Amino acid sequence: MSNATLIDTTVCIGCRSCQVSCKQWNGLPAEHTTLPDNKLGFQNPKLLSAKSFVVIQHNEIEDAAAPGGVRNVFVKRQCMHCEDPACVAACPVTAMHKTETGAVAYDAAKCIGCRYCMWACPWGVPTAQWDSLAPKISKCDRCSSRSTQQLPAARNGERLVMADHKSYQKIMSEPVCVKQCPSGALKSGSREELLQEAKRRMHEHPGKYVDHIYGEHEAGGTNTLYLSAVPFEKLGFPKIQTEPFPHYSAIALGSVPPAVVGVGALLGGAYKLSQRRAAVAAAEEGSVAVLDAPVPPSPKVKASRSVEKYEAPTQQKEHHPKFAAVSAPLWTTANKLLAALMGFGGLSFLLRFVMGIGTTTNLSDTYAWGLWIIFDLVWIAVAAGAFATAGLIYVFQRKDLYSIGRSAVLMGLLSYSFVTVTLLADLGLPWHFYALALNSPKHSAMFEVSWCVGLYVTILLLEFLPVPFERWGLTHYAEMWKKYSPVYVVAAMSLFVFLLSHNLLWVAATAVVFGSLAYAFRTKEGEKPVPIMLAIAAVTLSTMHQSSLGSLFLLMPDKLNHLWWSPMMPISFFLSSVAAGTALMVLVEMWIAKAWNRQLRIKQLAAMGKVAFWSMLIYQVVRLADLTYRGNLNLVGGPKSTLFLAEVLLGGLLPLILLSTDKLRNRSGTLGMGAGLAVAGVVLNRMNVVSLGMTLRGAMPQTTPVHYFPSIFEWGISVGLIAATIFLFGLGVRHMPVLPPEES
Amino acid sequence: MTINRRQWLKRATGAGVGLAAGALGFEEPKLHASTKKEKLEGVQEFTSACNFCACGCGMICHVKDGELINLEGDPDHVINEGALCAKGAAMSATHTSDQRLKKPRYRAPGATEWTEISWEEAFEKVARKIKTTRDANWIANENIKGVDYQVNRTDAIGFLGGAQNTNEDCYLITKASRLLGTVSVEHQARLCHGPSVPSLSASFGRGAMTNHWLDMQHSKVFLIEGSNVAENHIMGMKWIKKAQEKGAIVIHVDPRFTRTSSSADIYARIRAGSDIAFLNAVINYILQHKLYDEEYVKLNTNALLHAKADFEFNDGIFSGFEDETHHYDMASWGYELDGTKKPSKAKSLDDPRTVFANLKKFYSRYTLELGSQISGIPVEQIKLIAETMAKHKPGCVVYALGATQHTYGVQQIRCYGILQLLLGNIGVPGGGVNALRGEPNVQGACDMAVLNHYLPGYLSYPNADQPTMKDWTKSNGTFRAKFFVNCMKSWFGDNATAENDFGYGMLPKRNPGKDYTIYGMMESALAGRLKMLYVIGQNPMVTNANLKVTYEGMAALEMLVVQDLWETETADFWRRPGVNPKDIKTEVLLLPAAYFMEKDGTLTGAGRLVQWRYAAVNPPGEAKTDIEILDVLFNKLRAMYKDSTDPKDLPLLKAKWDYPAKGLSEAVLREIGGTDLKTGLPVNGIADLQADGTTACGVWIYAGVFKGGKNLTKRRDNKTDPGGLGIYPGFAWTWPGNMHVLYNRASCDAKGQPRDKDRAIVWWDETQKKWAGWDTPDVPVATDGPDTPNGQRPFRMNGEGVGRLLAASYMDPDPKEKDLPRDVSYVPKDGPFPEFYEPIESPTANAMHPAVATNPCVKYPRLKTGQHPIGTREKFPYVLMTSSMAEHWCCGSVTRNSPWLNELVPEPVVEMPEKLATKLGLKHGEHARVTSARGEVIVKTVVTKRMQSLNINGEEVMSVWMPYNWGFKGLSTGPSTNLLTIDAVDPVAGTQETKACLVNIVRASDENGGSHV
């Protein structure tokens, strides 16, 4: 049974006892305020914040029918305590949780400070302690701490007895604001009783109230219920859908475990099929097709040919080049600039922790997420090149792309690693990261993304490890890699499915599928090991987290313009990431060629361009079909549609045209332009979804708009990390065999 | 959001500091999180009551290891039922505030800083100065109108404050100051509800709120006029809301649309200062349309009594006016008396000689049209209000300072009295004229007589021309003389005997021609007569009207002693902005006092509920309770005089002053509550008090507070309410005699049976032959039935025993004493009926009688030296009204030191209608320069639809509002609005006209922006 609070705005006298009582009980400091805007009367503070869980909103509404011609309506604004709250669904560590009594409470000990709850709440309730070096989330918890207080030892020197205990418990079970309310505007009780009470009041005073109990149906029902004499829109209450927000993300997240099993099996099947096809083709050609990672020879081979370590297989095709370190001077002007940017990035990172996130960033309760999250989402999308390439090369046996495999993986590894670093800076309480391992929420996209990205980084690392092994001749480790990486894949995938499903059947299914794949694709005696399990894991995990990044925004149908918001977002995100990832690889390779004055491997790039074309096409078709199906095409022409059109036309249609034929794709100019526009389109998409396409109302009651432009430190860290990625990529290819040797 | 706001540059300058703060940042929330869950584990609870307004809300202090952990509303308290307003909810911070004073301080003449000193030094300095001042400025005899009288007085020492104190503190202030020989004893009531006591006394016999907070739930209609109850008496609004939930109609008449208006069913915008014109139009409408309660009027008022034939009223002046002295001879305002010196009574209301006929004649001038023309309220709305009041019974009048702070405040409240007597709304549950008192213990401080013209229990203070007790009795009656004797027995103990007139001669006597009010004291200081002022918890440097005079008066003192929680504007007056401290020669002592949660004692709320507060925690630092300071000081002084034989020092040496150090407050309360000197036991009530000196009672209206030897103010029975009327007889104790609804006999018919059976409160029980009921029956003798004269005295505290439509001069003969009256009815000196006059500074002419525009009894300017200018409407075209607000309280020294409250309202403002703002070219938030004939302030502008202009006498009148709660000390500073206000006062009550004066407003240039004094 949920306990709720009924707020009758017709009774409230605006005395603000609730505001101060809340501060007194919760030990919240005062805010420094100034005279509010004239429409706000005496309203102060203007917004909810980490220092104010309750704000009495003042409204002065002209109304000739009201005594004095003015309706002075006071509205206590606070957490709505949804029955099925978006913030709880969002929280990756169950820090935000529903209590037995219906309150939405917060456990600071678990919180990692991701602020997804702030982004998810349709009312702008959770706020962050921007002044603190350990900025926790703050919000009303219906005084959950009061009900557990013990009976005082004595009153006026006389011991209290059990009879006192009962009345004491009753008093303490109410939130302090309700208990201290002088006017009777607040009433605490069970949700059902209060709904009846509200209906009784509406019935007994016909014409007094508008025919709407705000909170009865909003967001699937809330435990803060309002009665009003004026329409709620006039009081600044947002129109909120009646469907609980977590429904959408629950569907998306619920499909993750079966998707893992399914995608794994599919990829395995595809590999088997392509392997077979390759074998048949090889047999026809009379040669043995060997696709390899940089493979150490089998022990036997190694024993006999111990001098030539890691020598490439003897039977080579032209599409199966060697790799070699690039020899180029490190301290070029460009690299010096990159180093300087990295230096500033490093300093910004340091200052972020010394001075606090609130001090160093321009993030706010309105813009709880800013540049860093955009940066993360954009980079994860464009870093999709790694999994797409690995998948193409290994699973779909696109050996023609082999030569760009290593650079794709290195780029991916660096990108993902630095996304993780940005997250470190962005999280309010990154040292609570272990909470992600100790709590598993039901349907949190953030939890899924966190685990998925984390595991994927390890997979990327494993994918890349053979390169340093090869470079530095670490045979023993290479052996271990060969032996254990498939095992790791099975374990990681099973763990992942367990965390997401809590269902041993799904875990078993995952273990069986991936176990049998590992067994089936095991490196047999005399065979060169193929990192197929890593590739399958990489593609599976990427599919999951790329799509889950879309799921993150499923909780925000009331904020995100429906030109972007759709239950299909997870799929769109995945499809667009493939397009962006492959297109970015084209750009990276072009940049490499240009930077080191190497030959442009136009054939491979054209092939990547083709993949980009098709994935972009599917993405755009799916997206437009979805828009049409939902009847949202009419939103084009409305607000934000410039952004949408830029994305679809310049970042979708135009690259599709530029990449449409082999002829066009084989021209480096059009290929580069097409790839660039495709990447830009997806980048813009991510920016739109995260922020630009949103109607951010800010902290309740949204009476003061807040603007955002990233601070110099936010830019510092983001730009510094981009610089680091480029710099380290350059460093990597200089020292390790990542790129094929330049054919002269 | 900008980087600037986050002040990163500031922080970046010291990464080390940042790191240190970082460590705190990690720890603080962690501690917080772990303590909240077990916050109240093992705490001790102490019950207390709030120290802001006079609602008297119960509070619970949670104390652990001597620390105040939490403070919230007492859920078992009958008035607030656990609730608190924003100010009350913020109260916990006052105990722990860094701003609290912790050590005594001394400021030498001309010094620029305070010096901390020890208590010993402080006591020595104060006592020594009192002694030298007293000795050097003693007036043993005084010549008044050619007669030499012994007066035993000094006018060089004044005491100020008491409404912030407990009853016990106040009682000792009263007692000590009079024993020292000063009658210059005043407290906050002078500035706020000064007019209530004389006005309500003139109508009903007692000067207090007739009903009580809980009783408001029974009302069917409220006329809230001159009160912003939703903001300033929030717990009062709680009970009004309860009535409203049951269908009661709330009428709010106010110049300003406030949070009270937002809850009203009818809101009438009235021009500030025109209330009497409106109220009289309502009363006239009720009279003309016979909407009054005829049975009630005949039975319970003086309507049928024959008024004197020579009573007249012409052109704004009543008969008996003496032009030169601004004074009335009241002889013609009385009744035609019969052979027994009792008023003669008519058979019918139609008798043209009756008070009622006079009333109708007087009122007939107040047509709806005239009322509307003067007040700005539309005719239809006046009519609607009159009809609504007449139709719905019982109806309750709620007022506060909007009614009192005028030069005719007493008369405005008289309107309420007349209205409610006509409607039969006095003495009944849900009725009444409810004076919402503003300070926590302003009622108690009045009861204890921290006012120059009273002795405890509203006994008139003896004047020089009343040299003996008998002389005093001649003008006050034998009924009250008895209580005087009891007071003297408490003050002088065995040294008060019948032979020595019970010590009457030892009391200092007032000079009736002198002004001992707070304004008089300041003017006396300016004239060099008042040398030393002792201020206890009052802050005249913010709250006095026309502050400039106060500034100058303070600087003229030789010594100022301030006993307070904070460094107030008064304590720091010598270094206010714009003065050079070196030029100010006043010695100042600042003594750190204890706040309410740090001390024992009682307070009396507006509903006369006397409740005990327990000391929950120790005062911070070296701060001491007021009562301890007073006790130590008095004993020290007495020791200084111990060998004196000078008759002037007799009162000090003969006084009974032997209080224990432990349980001091309770011992004082025992003295207040009365003792049977034969048995040594507490008396059980007023009826036990004797005139022969065998009983002693410090404050007769509190007799019985220790009934049965128990401190009844500690009672907490919130369950027993036998009549269901919200009386709770077992919860604390209400004066007089635990009576909750005054004049409740008037709820019965002639036979003593309840007129409204559904709301019976008292009745004559024929079987038991006594008055009975849910409340203490308000009858002279409980066994005197309706068939006896005592059974027909519903307003027994009036000489004539009935409610007074005409405040007639009347002495009730004492059947036992030939030449002495039994009781004397009180008459306000500015008129027996309430006539409309304009404020001293008015935007318009007096439409009733242009030649007598303002109250003819007002003397203003009082000072001939230019400090009392009167602004003209040509130079100052706008009406300024001032008040307190929900979030800040009075002088603001408590609330402006509370960050939580400063957050709610951070700065003072001037609130104006959009039309005026447009005219002045002012936008919301811009600085306005507000000037009056007396001063100037610059504050931010609030432009709001809640303010509107009015059409008055055919012209548009614009009004503005400013809160008066700011000053130059505390965490939130701002200019004091009282620099602008006028200190013209009500001629009866001495209360200033802060509700209406004239100002001009211009846009302040930006470089002058920011608030300054």
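How many bridges join strand E11 (residues 249-254) of chain B to E12(B)? Let's find out, point by point.

1. This is a predicted model, in which local features need pLDDT of at least 70, side-chain atom pairs count only at pLDDT 80 or more, and totals for chains, interfaces and linings use all residues. Residues are numbered from 1 along each chain as its sequence is written, chains are lettered from A and ligands numbered from 1 in the order in which they are written, and side-chain values use heavy atoms, with hydrogens and water left out.

2. Back to the question: four bridges join E11(B) to E12(B), and the two run parallel. Strands here are DSSP runs of at least two residues, numbered from the N terminus, and two strands pair if DSSP finds at least two bridges between them. Within this pairing, Asp254(B) has Arg269(B) as its bridge partner.

3. Look along strand E12 (residues 266-269) of chain B: Ile266(B) and Ala268(B) point one way, Tyr267(B) and Arg269(B) the other, and all are buried (under 20% relative accessible area, 1.4 Å probe, protein chains only).

4. Now the interface: 86 residues of chain B are in contact (heavy atoms within 4.5 Å) with 79 residues of chain A. Eight salt bridges (a side-chain nitrogen of Lys or Arg within 4 Å of a carboxyl oxygen of Asp or Glu) are counted between the chains. One of them joins Lys179(A) and Glu72(B), at 3.0 Å from N to O.

Definitions and conventions
Buried means under 20% relative accessible area, exposed over 50%, partly exposed in between (1.4 Å probe, protein chains only).
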